[in-house]
Amino acid sequence: MSDVVLEVRDLTKHFPLTKGIVFKRQVGAVRAVDGVNLTLRRGETLGVVGESGCGKSTLAKLIIGLEKPTSGEILVQGQNLARMRGSALRRARRNIQLVMQDPYTSLNPRMTVGDIVGEPFQIHPEVAPRSDRRRRVGELLELVGLSPDHINRYPHQFSGGQRQRIGIARALALRPEIIVCDEPVSALDLSIQAQVINLLERLQEELGLSYIFIAHDLSVVRHISDRVAVMYLGKIIETGVDTEIYDHPTHPYAQALLSAVPVPDPTLRGLRDQIILEGDVPSPANPPSGCRFRTRCWKAREVCVEQEPALVEREGSAHPSACHFAEERDVVHATD
Amino acid sequence: MTEQVESVISADRSAQAGIERSASLWADAWRDLRRRPVAIASAVVIVLVSSMAAFPWLWTRTDPRDCPIQLSKATPSAAHIFGTNELGCDYYAMTIYGARASIIVALVSTSLVLLVGALVGMAAGFYGGWVDSVLSRLADIFFALPFLLGALVFLSMLRSHSVWTIVLAFAVLGWPPLARIVRASVLATKNMDYVQAARSLGASDRRLLFRHILPNAAAPAIVVATILLGTYVASEATLSYLGIGLQPPEISWGIMIAQGQSYVTSGYPHLLLFPAAFLSATVLAFILLGDALRDALDPKLR
């Protein structure tokens, strides 16, 4: 148990929907994250995949403490981050850092690179003495593959990939154990994506980091992740090590998601078992009863309306899957 | 050969200096401003006019209130380079002494408006919720008063009219538009990713506001403030013209323009031209400097 660095228990975040201007009354809630359990071990990468609006980014914000959870626990080194306030929270935050999605908006355009990467030291002055900070910033820039001579440049003088490296250097400044990457490469070119992914992997090896890697690009997640969790409408519906999810998906939604990954070989096109889902994602303000996926599922029966399937190992699934009728179906490999 | 070596060495040295110098936004902006001819010219004009306002005796030894009536409406000559007005007062001395009222009204009113407007706007935009509701409604109430009418009513309630009562009237009536502008740009800036990133690092509200939000939200307020400087100089003249602002024997560019304009067509255009030229040059200098400052504070334009 000692190598667990982060544990999330029954985490929920409901955004209230209000009516009225002066006297607001709550008329409902958007259940962005609704009962998520996660475990992250030292040196491990946990991929979180799901389509837009499934609550991935809200989950990231909850974990790094940008949003207060409605209920549930976020345990870092045995302390519940969700309950902390003030200076205790500030100290705890040193251990979890964030790499953001868009490198063009995540760096303050009026601060130099040195100020951006050095800001964590100003916020947490106990980490490094003032005289040492400039040297540390230079080291951090070198660590992410940038020249320390660029310390006085402004973000707009860098390319997207270089900016993302600056964002990573900022996240590394306080030597955290956990880094939450919220779609860190989806705004970059493919060739640059590979560079940034390789950088993240190298840093993980050198510094023993644990990543929560949130993305909607399944191939990127497969490349970097040790374990994968698939999210749908605020819940995790299937989780396991990457080969379990990618080669033996058992939840219908995970199968549909994986069947949408493009096949690189054009001669195999159309030979794969492709699942095309019908309908839209239901509103998270009014999710369906029972299984949340039942409105779009071809396997839906009476029991799916009445009973919510738990995320457990089942007869048809060797790893946890939240489907009453979990069974394997090969959607990734082409069949003749 | 030695020249080359020297240039290499100096380049190396400046590169080292580049690494070691503290590169804050304001330091960079200051370095940038010093290289702009327009900014330097505007600053020189502002310094000159400010010195007229603070130390008029540096510029003239003539008393502007010593008016021999036999010299009435003299055209410019060696003895009176700007001529004299209808009472025979030296017009150059009056123009110099008139700077004080205009500069004080413009600078102090704008500073007060900027201070109150920025604080209210920042609080309303950053904290939102009931703070925003209360402050915005308060601003709406003041906003509903027409500026000139409001100033007329405000000043007519007061017994004595000095520069400071005019400043007070302008400040009381002037902050709501600025608060709205600041609120809007703070609202737009506070949800930017880099603000969220700083928040996730554990930055305090003060750091978020003054280090991340304000520098990125200040540009519209700076532009409006420089325009306000000009507006207030002109408004002071308007109020004086309407008889509710400063009154003779006080001297201000506004009063001089108001009185001088009636003699323009009767052959004494200098009575309008000199104060009007000083007024325009001052207002223009403030606007151009504000423009240069806004550009200097944006690293993308460097």
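Here is a walk through this structure, from the overall build of one chain to a few local details. Keep in mind that what you're looking at is a predicted model.

Let's start with chain B. Of the 302 residues in chain B, 39% are buried. Now look at contacts in chain B between residues at least 6 apart in sequence: 68% of them join residues at least 24 apart.

Zoom in on two of those helices, H3(B), which covers residues 37-54, and H4(B). Their axes come within 7 Å and cross at roughly 105°. Angles of 65 to 115 degrees count as roughly perpendicular, and that is why H3(B) and H4(B) are described as roughly perpendicular to each other. Who makes the contact? On the H3(B) side you'll find Val49(B), Ser50(B), Met52(B) and Ala53(B), while H4(B) brings Ile96(B), Ala99(B), Arg100(B), Ile103(B) and Ile104(B). Sorted by class, that contact has seven nonpolar residues, one polar and one charged.

Next, where do the two chains meet? On one side are 21 residues of chain B, in contact with 26 residues of chain A. Helix H1 (2-20), helix H8 (193-201) and helix H9 (205-241) of chain B each supply at least two residues of the side that touches chain A. The largest share of that side comes from H8(B), with eight residues. By class, the chain B side divides into 11 nonpolar, six polar and four charged residues.

The largest nonpolar core has 160 residues, and the ones touching the most other members are Ile63(A), Ile212(A), Phe213(A) and Val230(A). The helix that gives the most to this core is H4 of chain B (residues 91-127), with 17 residues. Take Phe213(A) as an example: leaving aside its neighbours within four places in sequence, this residue is in contact with Thr45(A), Leu46(A), Gly47(A), Val48(A), Cys181(A), Val221(A), Ile224(A) and Ser225(A).

S9(A) and S10(A) pair in the antiparallel sense over six bridges, and Val230(A) stands opposite Glu238(A) in S10(A). Is S10(A) enclosed or open? Six of its seven residues are buried, so S10(A) is largely enclosed by the rest of the structure.

Most residues other than glycine have a negative phi. Leu233(A), though, has a positive phi of about 50° although it is not a glycine. You'll find Leu233(A) in the loop between strand S9 (227-232) and strand S10 (235-241) of chain A, and the hairpin has two residues between its strands. Leu233(A) has 23 other C-beta atoms within 10 Å, so it counts as buried.

Chain A has another residue like this: Arg175(A) also has a positive phi of about 50° and is not a glycine. Arg175(A) sits in the loop between helix H5 (160-172) and strand S7 (178-182) of chain A. Is Arg175(A) buried or exposed? With 12 C-beta neighbours inside 10 Å, Arg175(A) counts as exposed.

How values were computed: Residues are numbered from 1 along each chain as its sequence is written. Chains are lettered from A and ligands numbered from 1 in the order in which they are written. This is a predicted model: local features need pLDDT of at least 70, side-chain atom pairs count only at pLDDT 80 or more; totals for chains, interfaces and linings use all residues. Helices (H or I, at least four residues) and strands (E, at least two) are DSSP runs, numbered from the N terminus. A residue is buried if 20 or more other C-beta atoms lie within 10 Å of its own, exposed if 12 or fewer, and partly exposed in between; C-beta atoms are placed from the backbone. Two residues are in contact if their C-beta atoms, placed from the backbone, lie within 7 Å. A nonpolar core is a set of buried Ala, Val, Leu, Ile, Met, Phe, Trp, Tyr and Cys residues joined through C-beta atoms within 7 Å. Ala, Val, Leu, Ile, Met, Phe, Trp, Tyr, Cys and Pro count as nonpolar, Asp, Glu, Lys and Arg as charged, and the others, Gly among them, as polar. Axes are lines fitted to C-alpha atoms, for helices over the stretch in contact, and angles run from 0 to 180 degrees between N-to-C directions. Angles under 35 degrees count as roughly parallel, over 145 as roughly antiparallel, 65 to 115 as roughly perpendicular and the rest as oblique. Two strands pair if DSSP finds at least two bridges between them.
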